[in-house]
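Okay, thanks for coming, everyone. I'd like to talk through the contacts in this one, so let me put it up on the screen.

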Amino acid sequence: MMTTQTVRRVLEEASARGADFAEIYLEDGENNNISMTSGRIENALSGRSVGAGVRVIKGLQYVYVYTNDVTEQGLLRAARQAAAALPEAQAKGCDLVLRAEVMPQNSPVRISPAQAAIARKTDVVRAAYAAAADYDACIAQVRVNYIEWNKRVQVANTTGLFREDARTYTRLATMAVAAEGAQTQTGFEGPGAQMGFEFFDTVDVTRTAQDAAKTAVQLLRADLCPSGKMPVVIGNGFGGVIFHEACGHPLEAAFTSKGESVFAGKLGQSIAAPCVSAVDDGTLPNAWGSSNMDDEGHPTQRNVLIENGVLKTYLVDYLSGLRMGSASNGAGRRQSYAYAPTSRMSNTFIMPGNDTQEEMIATMGDGLYCCKMSGGSVNVQTSEFNFAVSEAYLVRGGKIYRPVRGATLIGKGSEILPRIDRVGSDLALAQGMCGAASGSIPTNVGQPTIRVSEITVGGQKGE
Amino acid sequence: MERDALIQAVKEGAQRRGIADWEIYATAGESFKVNVYKGEVEDYKVNASQGVSLRVLQNGRVGYATTVAMDEDAVTFLLDHAQENASVVETDDPQQIFAGSSSYEKVEGWYPSLAALGADWKIDAARHMEKAAWAVSDRVKSVSASTLQSGSGETRLVNSAGLDLRYEENVLFAYVEAAVADGDVVQTAMAYRCYTDAAQFSAQEIAQEAVERALAKCAAHKIPSGSRKIAMDSEAFCDFLETFCGVFSAENTQKGMSQMAGKEGQAVAAPCVTLMDDPLLEKGLAARPFDDEGVACRTKAVVKDGVLETLLHNLKTAAKQGVTTTGNASKAGLSAPITVSPSNFFVKPGVLGQAELLAQMGEGLLITELEGLHAGANMVSGDFSLAARGFLVEGGRKGAAVEEITVAGNFYQLLRDITAVGADLKFGMPGSGCVGSPTVLISALAISGQ
């Protein structure tokens, strides 16, 4: 890790050609992966990742240089390269006073990954494997992945900020394949947290693995999903991926500050139904998408994005903040030193309301109940989204009729948000990896069960 | 520590610990990216990175460890972790450290004209693209990306069986993303090119394509749901095939993750379909002389006239099945384990152009964009349901734009339902392999709309 003296030298070198702002980000981390398939531990991998990125900003231009060489010489070389990419100007001479701080840990770790013997990790993997494999005679294959990584992060910049943070992530992913005749289907569950090995005291490994198997088996017996516009009830937890895609990404200031989002210029306006309030909260203890500070060194915070349908704030990183004349709200994130930071989500969810799932389904007439989603994407400029439903049921006359498979929901976020007409009380969060300009980062999606009065459902059944 | 010194130290460490079988996979590379926004360089990135991955074979089991930190601890880290990891692996798969093929084809992946380009040339090129994009139409609302990206890298494979192979490559990409006004809303589109020769670069060509594509999407129709005849253009079918190309991997068939298991010699696609995997393809963006186990690469048909000729293999999957490896061993990244992936993988083109194919189809839909492939397509079941955009085809001609539709079906069935293959072969961006396709006609897929 860097000393105050090294940081000062690097920042001075980086701003030697008149940068308005210079930043150094350094991380040092380790990761371990263990996978099991066909009844045996198949792969075990370990990695060490060390690197640093220097960013300089002049006006609204930025330069980013990264390197694996984290010796002082290596960092100075990166700083010189970054400075040299700017047009020549007089350095703004100033005495840089760095305030070194270690961030208070909001996600404490009881058993660090290094403290847990590898045999304990393989035991967890075997337990999940057995639970999924034994769930039903139709389970033809199971793949279990144990994933853990930790890193220490330092960020310093020419405002004098010099902060250090530590992060530890643990996740267990189970995929089950069910087969019967010519039919093959899959189910997936992947709970994770910002915790050490004690994560496994908080999660029911057997049940998680059985849930993955259950989805696969149920899909085997499901009919093809019909197509068309219909009312849709979306289940809690990972169902929140709809909000993540359709609303979360278009609220990132990297887009809104350039007018490249459907929600640009709409602060204070109603963009969703009045029953919808949503937050992005990076401070939740031990949550998958949390951190004590963001990857620009700003403490994370609870940002209310939408309150009773009205747009309250965007997700703002430092550079987008410069462009739109507002301060960062702790949303500058990056996968690693190989990426410049930009505005990203942390734990993003729709706040609970008062409705019940029973009433939503009973009063929806004919439609679709999507109980599990598997992911999606969005075009932020048009807010066109798509997401795949992994487990769904047709509803006929207010009653769950039969399971269907292969459904996709599409539409525009700006048109769907006003059509949310029920919000349940059963808020739950679910873990995902969100991929965008600054890489793949852990984020939580979440919501209570909600209902959308009309949405386009795509299925294979041509009716 | 320099990379060669680290490799030497790992070699010596392995010997000291009595590890007879080991392999080092090392990469070193540089990359550059510039994006221009409103005439100014907005973002500018350069980097140099390197890393070393160690694979050891102990009691027949493989363990991996990887580091990008070339410090004093690196040697111990690599050896300790690779050994510990090997000790927990349980598979009895036949593993080996490869002593080398009898000969290797010469494959050129290093293009001197690209290596000679300086940062100023790339900044100018990005400026020109942005300017050209704004000039195409007064309906342009924003040019959100005008980007030049270049990269170069070296892969080195050194092992205990005496192999020491190197391969160097470089590449240049350019892309433009533009938004145009469509009444109250906007339509966006992107165009990209990959180059092996700097002289091929034309700012105008990319800019024009991006804006024209966005304009073509305006005033789009919504259409009713139903089953329709489909044409998929080259880019859409490339994305689609890339998503499902894992079904041809023996790693997946052996684990029950692909329905191609045991289908060698049988018809799996329509007779008009031939799928090639050609690592020796001249100027192919996934060209390589040897795979990630050091086996010499070779050209082969995976599907010939609809019949599955071979799956793609590495040494392990081939030994399990009692066949010869196809030279498709691959690491998805420095720290990833060895699996199987295609190289330049493409649908062999036919003779008819896209317009002739549409005339042959008569009525239907031309799909030009597919979204949500990472979530809405399942390789194991073959099921897909994807957001799509495209154009109506009426009276054998491309008609109005279509939006807010999904296209759904099953990949394994779709291969059999291909009725014609066009001549307009194009390759997509390289990922794990580089996939290419011409326009293809499909007898029917379920479309969801209004």
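One salt bridge in chain A joins A:E23 to A:R334, with the closest N and O atoms 3.2 Å apart.

Quick housekeeping. This is a predicted model, where local features need pLDDT of at least 70 and side-chain atom pairs pLDDT 80 or more, while totals for chains, interfaces and linings use all residues. Residues are numbered from 1 along each chain as its sequence is written, chains are lettered from A and ligands numbered from 1 in the order in which they are written, and side-chain values use heavy atoms, leaving out hydrogens and water.

Back to the domains. In chain A, domain 1 covers 4–220 and domain 2 covers 223–458; those bounds come from an automatic or database domain assignment. Their centres, over C-alpha atoms, sit 23 Å apart. Domain 1 puts 51 residues into the contact and domain 2 puts in 38, with contact meaning heavy atoms within 4.5 Å.

The two domains of chain A bury about 3500 Å² between them, 53% of it from carbon and sulfur atoms. Buried area here is the accessible area (1.4 Å probe) that two parts lose on being put together, summed over both. On the domain 1 side, A:L60, A:N106 and A:L219 lose the most, together 15% of what that side buries.

Now, the two chains. How many residues of chain B are in contact with chain A? It's 72, and they meet 72 residues of chain A. The buried area there is about 5600 Å², with carbon and sulfur giving 49%. B:E90, B:K255 and B:E404 lose the most on the chain B side, together 11% of what that side buries.

Across that interface the rule finds 9 salt bridges. B:D92 makes a salt bridge with A:R40, closest N and O atoms 2.9 Å apart. Strand 2 of chain B, residues 40–58, supplies the largest share of the side touching chain A, 11 residues. Strands here are DSSP runs of E, at least two residues, numbered from the N terminus.

That strand 2 of chain B also runs parallel to strand 3 of chain A (residues 61–67), with 6 bridges joining them; strands pair if DSSP finds at least two bridges between them. In that pairing, A:V63 has B:Y44 as its bridge partner.

How values were computed:
A salt bridge is a side-chain nitrogen of Lys or Arg within 4 Å of a carboxyl oxygen of Asp or Glu. Helices (H or I, at least four residues) and strands (E, at least two) are DSSP runs, numbered from the N terminus.
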